[in-house]
Amino acid sequence: MKKTINVFSATFLVLAVTGIFVSDGQAAFHLFDEKLRVKGSVYEFMIYRTNIKDDEKQYRDSDLGLMRAKGTLELLYKAVEKENLQVNVFGFFQWWRESVPDVDDEYHRSMTNSNRKRFQGPYYDQDDWINELYVDLYAGKWNIRLGKQIVFWSEVEMVRTIDRINPLDLRYTTPGIDPFDEMKLGLWMMRGFYNSDLPGQLVFEWIWVPGDYEGVRTPREGSNWGANPGPEGKAELRPRPFGQGAAVNEMWRKSQPAFSIRNSTFAFRVRGNSEVSIFGEFYLLDWTVSYYHGMNNTPVANRGKLGEPNILNMDPSTTNGYLNNLAIRRLLGADFLEVPRGLWEYKFFDAVGASCQTYVPKLGAVVRGEFSYEIGLPELKAYTDDVEASPSYMKQIIGTTERDVINAGVTVDKPLKSNWLSQRWGASGVFDCTLGWFGQWRLGDVSRIRRTFAYQDRSQTNFTLTVRTRFRNNEVWPTFRMLYNTRNWGYGVFAVRYTPGKHLRYELGYLWFFANNPYAFREANAEDNDSVYFRIGYEF
Amino acid sequence: MKKTIMFALSFLFAAQCFAEEISFPTVSYEGEELAAVKLWEKSWSGKKITAENVDQVKDFLHEGAYNAVKNPEIFGADAIWFEVVPYRPYTLSKGIIEATKKYAPNSKLDEKGGLVGYGDVAGIPFPQPKTGIEMAWNFDGNTRGDSHTEVQFGAVVDCKTRFERETEQHRWELYWIGRCDVPPTPAFSKEVNPRGIARSFFQRHAAPADFVDTTMLEIKYKDPHRMEDLWVYTAMFRRIRRYANNQRTDSIDGTDMIYDDQDGWYTSVLHNTYEFKGREDLLVVRHQDAAKVERIKGQGYWSGLQRERANLWVVEVKNNDKNYIYGKQIWYLDPEDWHMDFKVMYNRQGQMWKMYEFGFDEFPSYGGQTTPIFNTEHIVDFLRNHGSASKRGIKEVGLEIPTTLFRTKSLKQKSY
């Protein structure tokens, strides 16, 4: 393969660094008598690994983790503007190219052809280039939105609790660097609002996703955030890029539900704004109550095609058999077998949720809380350790079950002021601090719940901290984010964003991961992914 | 019965006597003072004031404005100039005159400085004020035509490096109480305003690029002890964030202005103590043709302002919070409709830190009346040679804005 840096990335990088882009102009521009608004951005996002371990070096020629050029185009067309009827059409289009596999031969070889192709551009689904495209209709108290949309139901950052409508694409970045919202996958849906005049200014919202299912896109095997395509050590496995992770990815993709009304997702939410007086103090509560019925964004094994849960099962038409067979074939260097369809199933579950935020004068802080109760969340089962002592990710799958799960989160946003700082360097003098607590509890017996991560955990607790401030009249934005899980894993990010003028944007950051047990959770598995990242972009 | 009638008659008579003492509108100059001003204007009206001749009008300029013209390089300009225009009294709306004459005779303050009956009255409560706090309540009584919409085009300017960042906001502002012109007056009924809102604004950002479609909703309450509520929908994160009240001293979008600075002073009158410092005859911007202001790239202070003389009320303002960002502010209030012509902010070390100057003009408002509203502004930081200059395209004054706009649902629904 030619070691040619992607032409687009290189050109953009040179232009942006030297500032050759036009420096004057509007934030967005309008056409057709202001009926059409056009805005967009071009970004290059680079990750440079600082802590690649010897075992991983066999899968890398360089320390580059990501080199992704991304362009976005946002169009808003005001189609009808009457007093009682407004119709807008909103489109958000995107295109990207991830170039590390183009410049790093070993990285290229570490991914399957299919994974790599879908990873390097918006090619996972044929409509990936459309992030959002919908008709937005306002008539009196009604608002109807039809088309591909992204829904934001969360009040808190860094951990998801009730914000579950759109699945995430975790292949390129982590919540520490980018907010969840940047990683959401749009879904074709019908969404409606009714703005009532009832007490509490109630807004009723409903969503119907008629069968457009998307699973979570987990980091691909062999890519920066994914697992290595083979075990640690110099095992000369062939075919190299097709490890258990790639096989499972392929199984999930091939089991994805068809576009069918039967696979519809429904969700309802009521949003209110109520005033309460507690001990003479007024609290204005922004609250929501929601209900969700849809498929889980990860599948469970199809029980009918599970096969015998023992290592002697080599039947490639069953899930356990295929994975055993693949392991042996890789050791022997035999040909790779086509992954059969339908080995996994995507199952429905229900969830009820609630959220609330208010300013608490005594704390001088805004307190936000979220809660969700997931009913019948599909789970895989495995033998307990006394029957099969292998690590959780290697355990045979013995069946499926369901568990109820409770999620809760509370964040406290408190700005800390420094008058001394506010008079220096154009600083805002305000440190926006957010301290968060998040808990998750699986109800019922968890001893046989098989999870690649968080195996046999009944509960988990996370603490988050975000501190953000600004200098030079919002030109310089230093931010620190940290997540700590009580299983002793977590990550921290320190980043500085620089916005010198109207259009150019720069961001430099350092990511630090730690984990006592890398299999405690997915992010914990990235414990060696310490990196420096740099993002440069042009917005208009 | 007889006693009741006698009491009512004597009350009406007393009220009439008080009403006769009310003089409103009050102009800057009358009689000999006005004649002297007109004489001065014969020499200066229409003249362009630059660094070369600014010393000749130094007595009528605040030192901040004088320094900007004399030393334009501190605000990134080769030259900063203004034009002297003749003094013109405002033509105030019938509504504000009638409301002032109706309610001012009975205006009084409670022991904590609160305006008795606040929310059920309108107009300027103390047209002939004696104390600083009465002047502050007069400033609060100006409702700018009760509602208006505008689009603000601004620039955040680093005058040293000449870097600029554009801002553009579309704003809808509504007064729920103290209404003089647009029915219902003097306030919305309890059914429409059960939460006791005094004032609200809704704002949508159109620039800079990162903030396009960010929306903001702020609600100020009638209860002076109740803190304002502020929500921001950040389009970048698509989330409605409630803001903490102690973020009010944070700068707005990187400008030199903090949330409390909006319109001069946005929050409750009772957050400060006030001391009347006397009157000053100064050149301020009361009738500005917004098309005439100009600046070059990197200039944080407008040229082309049209200044006229006015006899301003000067009030020293100190926040009740000892740790407040400003050590003190000096407000310069217009004697005619009690808007703020400019204010100067000092840091806690006593240094002159910032100056916020408004350029007003009279705009058509409800029922064929006119209302003074500012259409240009700049706020400059003397310590850092930084400025934020903006123009406001006033779209409509005294219009009927649906109160439902000022709900949190609008934050998302008016955005993408």
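Figure 1. B:Arg286 is buried, with a relative accessible area of 0%; buried means under 20% relative accessible area, exposed over 50%, and partly exposed in between (1.4 Å probe, protein chains only). B:Glu336 also counts as buried, at 2% relative accessibility. The two residues form a salt bridge in which the closest N and O atoms are 2.8 Å apart. The term salt bridge stands for a side-chain nitrogen of Lys or Arg within 4 Å of a carboxyl oxygen of Asp or Glu. The pair links distant parts of chain B, 50 residues apart. B:Arg286 lies in the loop between strand E9 (272–284) and strand E10 (305–319), and B:Glu336 in the loop between strand E11 (328–333) and strand E12 (340–346). Strands (E, at least two residues) and helices (H or I, at least four) are DSSP runs, numbered from the N terminus.

The model shown in these views is predicted: local features need pLDDT of at least 70, side-chain atom pairs count only at pLDDT 80 or more, and totals for chains, interfaces and linings use all residues. Residues are numbered from 1 along each chain as its sequence is written, chains are lettered from A and ligands numbered from 1 in the order in which they are written, and side-chain values use heavy atoms, with hydrogens and water left out.

**Figure 2. Salt bridge between B:Lys220 and B:Asp140****.** The closest N and O atoms of this pair are 3.2 Å apart. B:Lys220 belongs to strand E6 (residues 215–221) of chain B and B:Asp140 to helix H5 (residues 132–141) of chain B, so the pair links parts of the chain that are distant, 80 residues apart. B:Lys220 is buried, with a relative accessible area of 6%, and B:Asp140 is buried at 15%.

**Figure 3. Salt bridge between B:Glu316 and B:Lys318****.** Here the closest N and O atoms are 3.8 Å apart. B:Glu316 counts as buried at 11% relative accessibility, whereas B:Lys318 counts as partly exposed at 39%.

**Figure 4. A salt-bridge network in chain A****.** Salt bridges that share partners join A:Asp125, A:Asp128, A:Asp169, A:Arg171, A:Glu214 and A:Arg217 into one network. Over all chains, a search of the whole structure finds 57 salt bridges.

**Figure 5. Nonpolar cores.** A nonpolar core is a set of buried Ala, Val, Leu, Ile, Met, Phe, Trp, Tyr and Cys residues joined through side-chain atoms within 4.5 Å. The largest one has 52 residues, and those touching the most other members include B:Trp137, B:Tyr274 and B:Trp331. H5(B) supplies the largest share of this core, five residues. A second, separate core has 40 residues, among them B:Ala155, B:Val285, B:Ile330 and B:Val380.
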